[in-house]
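Some notes on the model follow, as requested. Please read them alongside the coordinates.

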Amino acid sequence: MSEIEAFIQWVISLVAENLYPGVFLAALLETVFPPIPSEAVFPLAGYSILKNGMNVFHILGAGITGGCGATVGAFVIYMISKKLGRTGLIKYLKYARIKEKSLEKADHWFAKYGDKSVIIGRLIPGIRELVSIPAGIFNMPPLKFLIFTLIGSCIWSTALTAIGYYFGMATFDFF
């Protein structure tokens with residue numbers, strides 16, 4: 001098992017065993033380190049809610065907690081992008097496993113949709129991990145960035161958590 005696979009396995013067990021702290025930390029880490037897929041973390045959280053007999057309102061709780069974790073991680077990327085600028089970032093993209101072509105796609109998205117791209121971008125895989133970079137480079141106001149990121153991240157996290165919960169119900173009903 002590679003180091004990345006072992007790390008992802010650790011994150012999954014963290015979420016399964018410690019729902020709220022696990023979801024917060026996993027969301028923060030998946031925002032800063034793209035190899036961790038939110039598409040695996042949040043459905044697992046939803047399934048854990050179901051499996052542990054927790055009230056359905058925990059879906060919203062886990063979604064908001066995940067949205068907060070993702071917002072903290074996104075703000076870190078935003079601040080780094082703001083400080084380094086585009087030319088400074090290009091030197092470090094390879095360490096974050098981000099291709100320059102992906103950054104250009106995010107730049108284009110941000111230029112086309114402006115500040116709204118932060119909310120919308122948080123709902124689109126591939127863009128959601130990168131939208132903080134052009135927001136920082138183009139000097140989006142920090143408070144606006146935080147609010148838009150929190151809204152988009154909470155929607156994303158809650159939706160994926162609900163999917164995990166309801167797919168879990170379907171498998172329980174089916175079997």
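The points below go from the overall fold to one helix pair and then to the cysteines.

1. This is a predicted model. Its secondary structure amounts to 8 helices and 0 strands, and the order along the sequence is α-α-α-α-α-α-α-α.

2. Along the principal axes, the C-alpha atoms occupy a box of roughly 55 × 35 × 25 Å.

3. Buried residues make up 43% of the 175 in the chain. Of the contacts with a separation of 6 or more, 75% are between residues 24 or more positions apart.

4. Helix H2 (residues 19-32) and helix H3 (residues 38-51) have axes that come within 10 Å and cross at roughly 170°. An angle over 145 degrees counts as roughly antiparallel, so H2 and H3 are roughly antiparallel to each other.

5. On the H2 side, the contact with H3 is made by Leu19, Val23, Ala26, Ala27 and Glu30; the H3 side supplies Ser38, Val41, Phe42, Ala45 and Ile49. By class, the residues of this contact are 8 nonpolar, 1 polar and 1 charged.

6. The structure contains 0 disulfides. What is the closest cysteine sulfur to that of cysteine 68? That of cysteine 154, at 5.3 Å, which is too far for a bond, since a disulfide requires sulfur atoms within 2.5 Å.

7. Cysteine 68 is partly exposed, at 32% relative accessibility, whereas cysteine 154 is buried, with a relative accessible area of 15%.

Note on methods:
Residues are numbered from 1 along each chain as its sequence is written. This is a predicted model: local features need pLDDT of at least 70, side-chain atom pairs count only at pLDDT 80 or more; totals for chains, interfaces and linings use all residues. Side-chain values use heavy atoms; hydrogens and water are left out. Axes are lines fitted to C-alpha atoms, for helices over the stretch in contact, and angles run from 0 to 180 degrees between N-to-C directions. Helices (H or I, at least four residues) and strands (E, at least two) are DSSP runs, numbered from the N terminus. Angles under 35 degrees count as roughly parallel, over 145 as roughly antiparallel, 65 to 115 as roughly perpendicular and the rest as oblique. Contact means heavy atoms within 4.5 Å. Ala, Val, Leu, Ile, Met, Phe, Trp, Tyr, Cys and Pro count as nonpolar, Asp, Glu, Lys and Arg as charged, and the others, Gly among them, as polar. Buried means under 20% relative accessible area, exposed over 50%, partly exposed in between (1.4 Å probe, protein chains only).
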